[in-house]
Amino acid sequence: MALTLKSQEFRREREAGWLELEALVAQAQQRGLKSLPTDALRRFPLLYRSALSSLSVARSIALDRALLAYLEDLSLRAFVALYARPVAIGAAIREFLARSLPRAVRSISVHVWIALAALAVGAISGFVLVNADEGWYPVIVPAGLAGGRGPGSTREELRKVLFAQTHSGSSLLAFANALFSNNTLVSLLAFGLGILGGIPTLLLTFANGLMVGAFLALHAHRGLGRDFTGWLLIHGVTELGAIVIFAAAGMRLGELVLFPGPYSRTDALAVHGGAIGETAVGGVLMLLAAAVLEGVFREAVASTDQRLTIAFATFLFWTLYFCLVGRR
Amino acid sequence: MTGAGKLARSERRLMTPEGVPLRIELAEPGERIAAFLADVSLATAGALVVLLAGALASAGLKATLPVALFVSFLVRNGYFIFFELRWAGTTPGKRLLGLRVIDRRGGPLRAGSVVARNLTRQAEFFFPAEMVLMTRGWVWRLADILPAAIWIAAMAAIYYLSPDRLRAGDLIAGTLVIAAPKRVLTEDLARGAQVFEFTQEQLQHYGVKELQVLEDVLREGHNAESARLRSEIAERIQKRIGWTQQAIAGREMEGFLRDFYRAQRAFLESRKNLGEERADKFHAAGVVAPQARKDTN
């Protein structure tokens, strides 16, 4: 039997191209795509495509398992070298802040409005309930979070908390304490529980609003409504904003899990999930900003007027940022 | 060896933008945990250096638990995100274990995905673990640990139950962790001069599966054990195909096997070109012997 095999011929014709591609891929992986000379850079995609076509042919004719495995690997390596490129970090950050993040949040604006509504309804309900009867207060606010403030507190006790100087020593410590507070946990839970269909997320957001309303009513009864608002909102605009953002991302997550459309659930997440991840990253940034405001600025700024001014400024900033930045 | 019995990873298909699906091998859980531990050790070492430097630089900064947790939060996430961006989906730990993060849709790995999958790890594992640290210092009660433990267990369940071995961060970021390929082009076994000739009837017995087993055997290293295996297989093949041309002994067995491999592959390839797939030796279950087959034609 002197005839050459078809598969042998196929391999002989194309082998040189494969080996050249392999060398280019190895160099690109070690020293980056940019280290390749211009000529090699021009040949890279051509060699990659011809390797893909070799693979398609080999899949249908080759009985040589090692060859097929080699081609599969080579194609994947070239694919990775071409598509999973190193990212310039500065440019990535700029792109994220100036475009991806506000666009991602706008793309789930319906969910943001729903989360905002849940928070607002919660706050109003909490206020109305505690306003009518302070007996509701311990029901709504867990003892651990009340920090000793309750229906039994006097005006002076409440005032002391609002203008306390607890962390005057280290601002980093104050910042870290603020970061690892209840609201970080609530935000992450609101997001994570989204995977259960979004309802727990809504409930959690509502419950958080309830607490805010209950606190407000408690202070308002003792003539501290305005001072409390300043104390809360100086960081609260940003922090409650983060909770709303996380809750919106969580609800979108739940929506994709419940209604994946024409895709499988994991595919639906891969296709539409980009905005969810980006929104959550934005939420983390907002939590960090809130921790700075709470840990550092609230202690430094003891006047309610100034606190309210800062609160309004942050409100304006986030609104404009999410509504206007990065529009096409 | 390219052996069939080697660790079989779960395989998936990834559609490239060029429209050719590529075979990818998912990273094994053990590999991912090992890579994670390696990376966390490095990042923790980095965080310790930062904390020590900070304590030395300013006497006022005490490394309290919240500060330590915050610094390690920054260093750890900075570490993962920096490497996964700059090293195109790998970190030192992942390189050690030969793993790589890719985009699940077959597109480029986006910066947003990298950040999201790493921050999610924070929520999956580190925050619950740190909440335990924060609540009771170093003395824990079961009731304090339980919620965090349940949370982490639920996250592990997502990973183990997801069809493509995706942890929550991969789900959200649309990424996938694969074992980086590294096969080399081996010699074509069908190369070289043919010494032994086979008749068409002698090539009727085996299918593609047997051919590939033979390929594995031929690609195995040269030692006494594999030489013994090869001559045993050569004898079995001779018996099965009714080899009567010439007696073969000792060293010739190797050449006989290679020639048989080449002839069998040529035969199966030509059959395949004619549209007849012979998956294995049972391809003609109804037909007992090649002779009978000829008679019916």
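Start with chain B and colour its two domains: the C-alpha centres of domain 1 and domain 2 of chain B lie 50 Å apart. To pick them out, select 11–179 for domain 1 and 201–292 for domain 2 of chain B; these bounds come from an automatic or database domain assignment.

A word on what you're looking at: this is a predicted model, where local features need pLDDT of at least 70 and side-chain atom pairs count only at pLDDT 80 or more, while totals for chains, interfaces and linings use all residues. Residues are numbered from 1 along each chain as its sequence is written, and chains are lettered from A and ligands numbered from 1 in the order in which they are written.

**Where the chains meet**

Next, show both chains together. The contact takes 58 residues from chain A and 65 residues from chain B (two residues are in contact if their C-beta atoms, placed from the backbone, lie within 7 Å). On the chain B side, several elements supply at least two residues each, including β2 (21–25), α2 (65–86), α7 (208–219) and α9 (252–273). Helices (H or I, at least four residues) and strands (E, at least two) are DSSP runs, numbered from the N terminus. Now select α4(B), which gives the largest share of that side, 10 residues. Colour the chain B side by residue type and you'll get 36 nonpolar, 13 polar and 16 charged. Here Ala, Val, Leu, Ile, Met, Phe, Trp, Tyr, Cys and Pro count as nonpolar, Asp, Glu, Lys and Arg as charged, and the others, Gly among them, as polar.

**Over to chain A**

Chain A has 15 helices and 0 strands. Its C-alpha trace spans about 105 × 40 × 35 Å along the principal axes. The radius of gyration of chain A is 29 Å, whereas a compact globule of 328 residues would have one near 20 Å (taken over C-alpha atoms; the globule rule is 2.2 Å times the number of residues to the power 0.38). Select 6–83 for domain 1 and 90–324 for domain 2 of chain A; their C-alpha centres lie 52 Å apart.

**Into the core**

Which residues have the most contacts inside the largest nonpolar core? Select A:A51 and A:A214, in a core of 148 residues. Such a core is a set of buried Ala, Val, Leu, Ile, Met, Phe, Trp, Tyr and Cys residues joined through C-beta atoms within 7 Å, and buried means 20 or more other C-beta atoms within 10 Å of a residue's own, again placed from the backbone. Helix α12 (residues 225–258) of chain A gives the most to this core, 18 residues.

Finally, zoom in on A:A51: beyond its neighbours within four places in sequence, its contacts include A:W18, A:L21 and A:L71.

Key:
Buried ≥ 20, exposed ≤ 12 C-beta atoms within 10 Å, placed from the backbone.
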